[in-house]
Amino acid sequence: LGAIAPLRRPASVPSRRPGGDDPRLLHAAFEAAGKALSALVAQADRLQMSEEARFLSTYLLLLSDGRLRGRATELIADGHGVAHALGLVAREATRAANGIVGDKFMQDRARDIEDFCDALLMLASPDQRAELPSKAVLLGDEITVFDLLVSARAQPVGVVLTERAKSPRTPVLLRLMGVPSIVDVA
C-alpha cells in the first residue's frame, strides 16, 4: 500500500532558532486552519455525521479565540519564535487546567488547545522531524484533529491504530480522513 510511517507531532524543542519569526506566519496558519476546519465541518454534513463531529466546534471556537491568537502574537512580538510562542500558549492552558483539580472539561480543553497549537505550528513553520512521507500507511496510538489538519496533507493510504485508541472521536476522525483503517492492533 505504501511506506509505513508513525503518526508524529512537532518536537517539544524547536530545531529552529528561538526568535525572529514573522507574525504573518501565524496569521497564515490561522487562515489555513480555518479553511481546513470549514471543509471538515462541510464533509461531516455531507456524510450525515454532524452530531458525531460536533467536537469540531471546539476547534472553530479556538480558531476565533482572540485571547489565544493575541497571546501567541504578543509572545512573537516579544521575540519568541512561532514554535516557542505556541508551545507557551499550550503550556499555559495546561497549567490552568491542572490548577482546577478534577475538572475533566478543562483538561480535555487543554488537550484540544495543545493539539490545535501543534497544528498551527506545523502550518506556520513545519518541523521536518514531524513531516510524513506521502502516500504512507500511518501507525499510531491515537488520531486527533491535528492529523486531519496536518497529517492528512501527506495523503495517507491507510491508518493503523493500537488498542489504546479508545477515544469516542476516533471513529469519526477516521471516517473524515476517508482512508482504510484498522483499529485495536496489539
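**Before you start**

This is a predicted model: local features need pLDDT of at least 70, side-chain atom pairs count only at pLDDT 80 or more, and totals for chains, interfaces and linings use all residues. Residues are numbered from 1 along each chain as its sequence is written, and side-chain values use heavy atoms, with hydrogens and water left out.

**Stop 1: helix 1 and helix 2**

Select residues 23-46 for helix 1 and residues 56-64 for helix 2. Helices here are DSSP runs (H or I, at least four residues), strands are E runs of at least two, and both are numbered from the N terminus. The two axes come within 10 Å and cross at roughly 155°. That makes helix 1 roughly antiparallel to helix 2. Axes are lines fitted to C-alpha atoms, for helices over the stretch in contact, with angles from 0 to 180 degrees between N-to-C directions. Under 35 degrees counts as roughly parallel, over 145 as roughly antiparallel, 65 to 115 as roughly perpendicular, and the rest as oblique.

Now show side chains. Phe 30, Ala 33, Gly 34, Leu 37, Leu 40 and Val 41 of helix 1 meet Leu 56, Tyr 59, Leu 60, Leu 62 and Leu 63 of helix 2. Contact means heavy atoms within 4.5 Å. The residues of this contact divide into 10 nonpolar, 1 polar and no charged. Ala, Val, Leu, Ile, Met, Phe, Trp, Tyr, Cys and Pro count as nonpolar, Asp, Glu, Lys and Arg as charged, and the others, Gly among them, as polar.

**Stop 2: helix 1 and helix 5**

How do the axes of helix 1 and helix 5 cross, and at what angle? They come within 8 Å and cross at roughly 115°. That makes helix 1 roughly perpendicular to helix 5. From helix 1, the contact takes in Leu 25, Leu 26, Ala 29, Phe 30, Ala 32, Ala 33 and Leu 37. From helix 5 come Phe 116, Leu 120, Leu 123 and Ala 124. This contact has 11 nonpolar residues, no polar and no charged.

**Stop 3: helix 7**

Buried means under 20% relative accessible area, exposed over 50%, and partly exposed in between (1.4 Å probe, protein chains only). The buried ones are Thr 170, Val 172, Leu 173, Leu 174, Leu 176 and Met 177. Their cover includes helix 1, helix 2, helix 6, strand 3 and strand 4. Step on to Gly 178, which follows helix 7 and has a positive phi, near 75°.

**Stop 4: salt bridges**

The whole structure holds 9 salt bridges. Each is a side-chain nitrogen of Lys or Arg within 4 Å of a carboxyl oxygen of Asp or Glu.

Pick Arg 169 and Asp 112: their salt bridge is 2.9 Å, N to O. Is Asp 112 buried or exposed? Asp 112 is buried, at 7% relative accessible area, while Arg 169 is partly exposed at 23%.

Next, pick Asp 141 and Arg 164, whose closest N and O atoms are 3.2 Å apart. Asp 141 lies in the loop between strand 2 and helix 6 and Arg 164 in the loop between strand 3 and helix 7, so the pair ties together parts 23 residues apart in sequence.
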